[in-house]
Amino acid sequence: MTTDAAAVPDWEMRFRAPRVSLPDWAEDAPDRALFVSNATGTYELYAWDRSSGRQRQVTDRPNGTTDGVLTPDGEAVWWFSDSDGDEFGVWMRQPFGGGEDEPAAPGLAPSYPAGLAIGRDGSAVIGRSTDEDGTTIHLVPTPGGEPVEIYRHRESAEVGDLSRDGTLIALEHTEHGDAMHSALRVVRPDGSTVAELDDTEGGTKELGLAVLGFAPVAGDTRLLVGHQRRGRWEPMIWDPVAGTETVLPVDLPGDVGAEWYPDGSALLVDHSFEARSELWRYEPGAPEPVRVETPAGTVSGATARPDGTVEYLWSSAERPPVVRSTSGAVVLDPPGAKAPPSVAVEDAWVEGPGGRIHALVQKPATGEGPFPTVFEIHGGPTWHDSDAFASGPAAWVDHGFAVVRVNYRGSTGYGRAWTDALKHRVGLIELEDIAAVREWSVESGLADPERLVLAGGSWGGYLTLLGLGTQPDSWALGLAAVPVADYVTAYHDEMEALKAMDRTLLGGTPEEVPERFEASSPLTYVDAVRAPLYISAGVNDPRCPIRQVENYVDRLAARGAVHEVYRYDAGHGSLVVEERIKQVRLELEFALKHLGGGPVVAAPGPEAA
């Protein structure tokens, strides 16, 4: 039964409102595009012929699909097929205009993906990661042809890009054992090395590099790369054939990335600083970049079109996302009801043990503090919260809560030292920053100290469990989604790339540094948890596997701790809109039951109908 739109509360409408991603377009057929949308209630891939306006749903799976790419000629869509969100699968291929799916590389067994690059001659370079083999990279010379292995290593690696003429392949790798800081290698299709670029100095210097893309011009061997040589991410141009490096005079605070304009004449620069972002254009050889005007807020993705215009996905905490163009047009506007706005975000800067901490605050539009307050902790950990539209925090604001989001040490966008500060005292460092912001929120009159909620998903769920155990007097309630709960068991069960990251963060395996895993594991402190705790977990999650969550829950149950657990049939989160709404509703109901407050504002859903 369809719910009457007039009866649907704003917080549910924000999840249900049709959304689209920034369309990706085929390099040699720019009128053919691919985007992701939740128009059917599940996030799936859509093909869009911009010349005719025709849109077609490419994938249709119970748990959704978001990983896809167009071939350079626009004739086919490659999409990644896993099982119910477990991220383990194979690449499939479907004609752009529709037709049967077929395995894109039938000679390759299922794996976790580790990058993909498709050539103009029909070839493809496919990265794979498995527990048994580590990372392997394969050249598939023709569509459906026999794959040839060109790279293998136990540590994590990834396909970065393929040059326009198909003669050079850029790889990111961590053979030095530091999964947070990649080195680069450019190889030929036979796997022979052309050049190396390594800023780690054998793992002692801890500077990372990233592939941003080969120049889109035939015969041009320049590679745009990201580096951290000045303490933050910045772009430079490396020519692996000529052996030259060109530093770019893009002197902006915060982290800076870039991509080529389609003709290779300029770079589209994205600049992230203090939870906002903006765009610039830089022409190699110019003294400085030129601003590309965008509204204040967050640009989640941008691309330069062949005519020189720039299309970008923009939002703010107050305003929902929209795909815009520098021409002034809305590029892609999905049909249906629009998401209601929320409240604007305010900045808070708090002195912490490792330096100034940036937090983003949203408050109910009516009423005076102190408010019941949710500390919504971001995942990653190498990520950051920004002034961008988010339906989850907005739902809490609608129910009378303030929401605080903390960009703790480990977050991106505040320089390399801030991101890299996590090592060895993993989890405990982030919680020191969260504790400092918590103290500020109470002293400033924002937060009611008796109604403080610690919440988050993934790494944020991990910090929630760890915080409830190490700071039991600070929190009235916890909400942990897809968390790390038992760090040792999680390490042994998780996907290989995350094992490498954990070895980097903690300095070894559980057998090599048991004291660090013990100090950073929520299971160590489970008996100290006093706050009511709600946990949700995907039974197919390869990142925060279910067995280690069950170990933690068993310990809670053994001592009669107040808790609820919700298990759902997906992986590391859900791509199904109604499932996501159900999870938020359960969290709201749990919080209001234990903290007091009005009922959850809800429309009669399919279950009630």
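Select β35, helix α9 (residues 546-558) and β36: together they make a right-handed β-α-β unit. Right-handed here means that, with the strands pointing away from the viewer, the path from the first strand over the helix to the second runs clockwise. Helices (H or I, at least four residues) and strands (E, at least two) are DSSP runs, numbered from the N terminus. The model is a predicted one, in which local features need pLDDT of at least 70, side-chain atom pairs count only at pLDDT 80 or more, and totals for chains, interfaces and linings use all residues. Residues are numbered from 1 along each chain as its sequence is written, and side-chain values use heavy atoms, with hydrogens and water left out.

Six of its six residues are buried, so the strand is largely enclosed by the rest of the structure. Buried means under 20% relative accessible area, exposed over 50%, and partly exposed in between (1.4 Å probe, protein chains only). In a regular strand the side chains alternate between the two faces of the sheet. In β35, Leu533, Ile535 and Ala537 point one way, and Tyr534, Ser536 and Gly538 point the other way.

Strand β34 (residues 477-481) runs parallel to β35 and is joined to it by four bridges; two strands pair if DSSP finds at least two bridges between them.

Step back to Arg530, in the loop between α8 (514-520) and β35. Arg530 counts as exposed, at 56% relative accessibility. Leaving aside neighbours within four places in sequence, Arg530 is in contact with Pro472 and Asp473, where contact means heavy atoms within 4.5 Å. Trp475 is 55 residues from Arg530 along the chain, and their C-alpha atoms are separated by 8.9 Å.

**Helix α4 and the cores**

Next select helix α4 (residues 428-443). Its 16 residues should span 22 Å at 1.5 Å a residue, and its end C-alpha atoms are 23 Å apart, which agrees. The expected span is 1.5 Å times one less than the number of residues. Colour the buried residues of α4: Ile429, Glu430, Leu431, Asp433, Ile434, Ala436, Val437, Arg438 and Ser441. After the helix comes Gly445, with a positive phi near 90°.

Centre on Ile434. Not counting residues up to four places away in sequence, Ile434 touches Phe375, Ile377, Val406, Tyr408, Leu454, Leu463 and Trp475. A nonpolar core is a set of buried Ala, Val, Leu, Ile, Met, Phe, Trp, Tyr and Cys residues joined through side-chain atoms within 4.5 Å. The largest one has 56 residues, and Phe375, Ile434, Ile535 and Tyr552 have the most contacts inside it. Helix α5 (residues 459-470) gives the most to this core, with six residues. Apart from it lies another core of 28 residues, including Val374, Leu477, Val584 and Leu592.

**Helix α2**

Move to helix α2 (residues 391-398). Seven of its eight residues are buried, so α2 is largely enclosed by the rest of the structure. The buried ones are Ser391, Gly392, Pro393, Ala394, Ala395, Trp396 and Val397. They pack against α1 (10-16), β30 (355-362), β31 (371-377), β32 (402-407), β34 and α10 (577-595). Gly400 follows α2, and its phi is positive, near 90°.

**Backbone stops**

Two cis peptide bonds can be picked out here. One joins Gly369 and Pro370, with omega about 5°; Pro370 is in the loop between β30 and β31. The other runs from Gly380 to Pro381, with omega near 0°, and Pro381 lies in the loop between β31 and α2.

Then go to the loop between β22 (267-273) and β23 (276-282), which holds Glu274. Phi of Glu274 is positive, near 50°, in a residue other than glycine. Ala275, in the loop between β22 and β23, also has a positive phi, near 75°. Are these two residues buried or exposed? Glu274 counts as partly exposed at 28% relative accessibility, whereas Ala275 is buried, with a relative accessible area of 2%.

**Confidence**

Finally, colour by pLDDT, the predictor's confidence in each residue, from 0 to 100. The chain mean is 95, and 97% of the residues reach 70 or more. Over residues 604-609 the pLDDT is below 50, and this stretch has five contacts in the model beyond near neighbours in sequence. Where pLDDT is low, the predicted coordinates should not be read in detail.
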